[in-house]
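The sequence and the model come first.

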Amino acid sequence: MNNISRRGFLGSVLAVAASVVVPKAAEAATWFKVASTSYFSIGKPRIVGLRIVSATKSVLDKNGYPMSIYRTSTGVYSYYPQCSRDFRPLVVKGKNLYCPICHSNFNPRTGGPISPAPATRALRKYTVRIHSGQVQVALTRSGN
């Protein structure tokens, strides 16, 4: 029987756990321009479509990848505008994202449903940033 110290055992367990949890570097994302920050009013969500033209270029297109963009004075947030309950397209209603089928409202900053709502799960999130006055979204090869 091997004699292993408690410290050695915990070190091996942590090493194995880290190798499972840490994402692979090969899954690095490519940043695509969505639009200028001035295209998005502060405090008002907007649903846009993004068409990927090449490995490094994209354009706005209503038939492209749908995404909701919500800009605040401190940052930008983006979610896939599909109801997490009915899987139907969302629309902008006031300052929220709204499902016209089940009548769920979603917070455009957190992506979570606003109570009371039939939907119980948050929306799928896109990674976005503001870079050089442009709103950019990160997409991976798997489509994010």
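Q: In which loop does S132 lie, and is S132 exposed or buried?
A: In this predicted model, S132 lies in the loop between β10 and β11 (134-139). S132 has a positive phi of about 55° although it is not a glycine. Its relative accessibility is 67%, and the cut-off for exposed is over 50%. S132 therefore counts as exposed.

Q: How does H103 count by relative accessibility?
A: H103 is found in the loop between β7 (96-98) and β8. Although not a glycine, H103 has a positive phi of about 65°. Buried means under 20% and exposed over 50%. Because the relative accessibility of H103 is 47%, the residue counts as partly exposed.

Q: Which strands stand at the edges of the open sheet of four strands, and why is one side of each left without a neighbour?
A: The sheet has the order β6-β7-β8-β9, with antiparallel pairing. Each edge strand has a single partner strand, so one side of each is left without a neighbour in the sheet; these strands are β6 (91-93) and β9 (113-114).

Q: Which residue in β9 stands opposite F106?
A: Strand β8 covers residues 105-106 and pairs with β9 in the antiparallel sense over two bridges. The residue in β9 opposite F106 is P113.

Q: What is the omega of the cis peptide bond that joins S115 and P116?
A: P116 has its place in the loop between β9 and β10 (125-131). The bond joining S115 and P116 is cis, with an omega of about -10°.

Conventions: Residues are numbered from 1 along each chain as its sequence is written. This is a predicted model: local features need pLDDT of at least 70, side-chain atom pairs count only at pLDDT 80 or more; totals for chains, interfaces and linings use all residues. Side-chain values use heavy atoms; hydrogens and water are left out. Two strands pair if DSSP finds at least two bridges between them. Buried means under 20% relative accessible area, exposed over 50%, partly exposed in between (1.4 Å probe, protein chains only).
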